[in-house]
Each structure stands twice: as structure tokens, then as C-alpha cells.
Amino acid sequence: NCTPAYDDLNLESEGWECRIEKVALAGRDQNLVYTIRTPSGTLRQTIGIRWICPWDFEWSPVDYLIKTEEDFEIVRRWQPPVGDIDTEPIQRARAAVCDRGVTAPWLQGAFNHLGCLYRSLNDLALDPLVRSDFYRGMMNYFLERNLALARQFVAAGADMISLGLNIASGKMFGPEFVRDYVAPYEIRLIEGIHALGAGVIGHNCGYARRLLPTYP
């Protein structure tokens, strides 16, 4: 796993001040409470860290940054551009595999990127149906940030990008939803990565039989 660590919220610029508070819970568990102050308002997000064994933990938002359309407008107006990433893990992997393998660090797909990091899946599942302009704005905005990450990955020596393409599995979203509201953005992301000179590995996690015909 040669994916660089990068926090797209913990950025600093005029108009975007991010502070992170660690809140201890039972055992080694903890919450990271992000407070982002901007001239247009304050945003908050909580990341939960839950240890599942002595050697590994799960990391996920338990309170998402974008709760309203107004929150997204604050993000779109004040969030700094994607910062410089420490791509040393990719460079080290590239040197290690030489011509005997490929480097394929991870990014989330266009839909997953938003649903994993910024907006609750409960809300995101309804946005394209009841707030289509809002949904398109978010997807377009974060797709461009995802491509900015991919650009640095490829420049560091990534042969391919591993994309998580199915956050909710075929039991939650049917092929019509994926075709109409997800696939157009994934196609743009994949074509953008191809244009950078890298290939794509599309990763599916969970039930997908109903979705497989949409993937090609």
C-alpha cells in the first residue's frame, strides 16, 4: 500500500483556518473534531477512530462537513487548492518494484470521495433526486480535487490508480441510479487519469451483480 497520507481539510490559507481537537474515548478510541473558520461561517466535522484489534483501527466521519447547501457554498468559496502531498511512499514503491510490477496507490471514485469524506451517504443518496443542482455542484467540485490528487500521484511514479467505485453496494443503489447519477462522473475521472498517462483499477466492495453491466 503506497498511498500517501493527505488531509484535504487540514489546510491553511487566508479565509480557511482549521483546528483539530482530539477527544479521548474508551480505551484507545478517539474522535478528531475539526473546526474550520471562514469569513462566511464555521464548519465542523468529527472523525471517529475505533480500534478493532491491537494492530489496526477503522477511520470514518461520524459527523460530516457538508450538512446543508450553505455549507457547500462555504467550502467552494474558501477551501484552499489541494496542497503538496508527500509522495515518498509512491517513489519508494516505484524504486522497489522496478519493472517487475506496478504501483497503484488508492483514491476514492468520484461518488465515494464525496460520500466517504464530506457528506453523509443518507443525504447523498437523495441529493440527485431532490437537489440536482446542489448534487452536480458538489460532484464537479470534488471530482476536480480528486484529479489534482491523481496528478501528483502519477507525477511521483504511479503506474495505475486504484479507484473505489462502489461505496454502497448493489443492495442500496440499483443500476439506473448508478447509470444516471454516478457513472458520468466516474467516466470523467477515469478519462482524466488516463490523460495523465496512468491506468485505472476499478475496485468493487460488496454486492455488485446488478451493477456489473454498468461498469464497462
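Student: Is Gly-109 buried or exposed in this predicted model?
Tutor: Gly-109 sits in the loop between strand 5 and helix 3 (110-117). Its relative accessible area is 0%. Buried means under 20%. So Gly-109 is buried.

Student: Which residues does Gly-109 touch, not counting residues up to four places away in sequence?
Tutor: Look beyond the close sequence neighbours of Gly-109. The residues touched are Asn-146, Leu-163, Gly-164, Leu-165, Glu-186 and Leu-189.

Student: How far apart in space are Gly-109 and Asp-123?
Tutor: In sequence, Gly-109 and Asp-123 are 14 residues apart. In space, go from C-alpha to C-alpha. The distance is 18 Å.

Student: Which side chain meets Arg-145 in a salt bridge?
Tutor: Arg-145 lies in helix 6, and its partner lies in the segment before strand 1 (17-24), so the pair ties together parts that are 137 residues apart in sequence. The N to O distance is 2.8 Å. The partner is Asp-8.

Student: Are Arg-145 and Asp-8 buried or exposed?
Tutor: Arg-145 has 7% relative accessibility. Asp-8 has 9%. The cut-off for buried is under 20%. So Arg-145 is buried, and Asp-8 is buried.

Student: How many residues apart are Arg-136 and Asp-133?
Tutor: Their side chains meet in a salt bridge at 2.2 Å, N to O. Arg-136 is partly exposed at 38%, while Asp-133 is exposed at 56%. Both lie in helix 6, and about one turn of the helix separates them. That is three residues.

Student: Where is Thr-35, and is it buried or exposed?
Tutor: Thr-35 has its place in strand 2. Its contacts outside four places in sequence include Glu-17, Cys-18 and Arg-19. Its relative accessible area is 13%, so Thr-35 is buried.

Student: How many bridges join strand 2 to strand 3?
Tutor: The two strands run antiparallel. A hairpin joins them through two residues. Tyr-34 stands opposite Gln-45 in strand 3. The number of bridges is nine.

Student: Which residue in strand 4 stands opposite Gly-48?
Tutor: Strand 3 and strand 4 (residues 56-63) run antiparallel, joined by seven bridges. A hairpin links them through two residues. Opposite Gly-48 stands Ser-60.

Student: Why do the buried residues of helix 1 count as being on the same side?
Tutor: The buried residues of helix 1 (residues 69-78) are Asp-71, Phe-72, Ile-74, Val-75 and Trp-78. They lie on the same side of helix 1 because they cover an arc of only 155 degrees around the axis.

Student: Which residues are exposed on the other side of helix 1?
Tutor: The buried residues pack against strand 2 (30-38), strand 3 (41-53) and helix 6 (132-155). Turn to the other side of helix 1. The exposed residues there are Glu-70 and Arg-77.

Student: What is the phi of Cys-98?
Tutor: Cys-98 lies in the loop between helix 2 (88-97) and strand 5 (106-108). Most residues other than glycine have a negative phi. Cys-98 is not a glycine, yet its phi is positive. The value is about 50 degrees.

Terms used:
Residues numbered from 1 in each chain as written. Predicted model: local features only at pLDDT ≥ 70, side-chain atom pairs only at ≥ 80, totals over all residues. Heavy atoms only, no water. Buried < 20%, exposed > 50% of the residue type's maximum accessible area, 1.4 Å probe, protein only. Helix = DSSP H or I, 4+ residues; strand = E, 2+ residues; numbered from the N terminus. Arc of directions from axis to C-beta. Contact = heavy atoms within 4.5 Å. Pairing = 2+ DSSP bridges. Salt bridge = Lys/Arg side-chain N within 4 Å of Asp/Glu carboxyl O.
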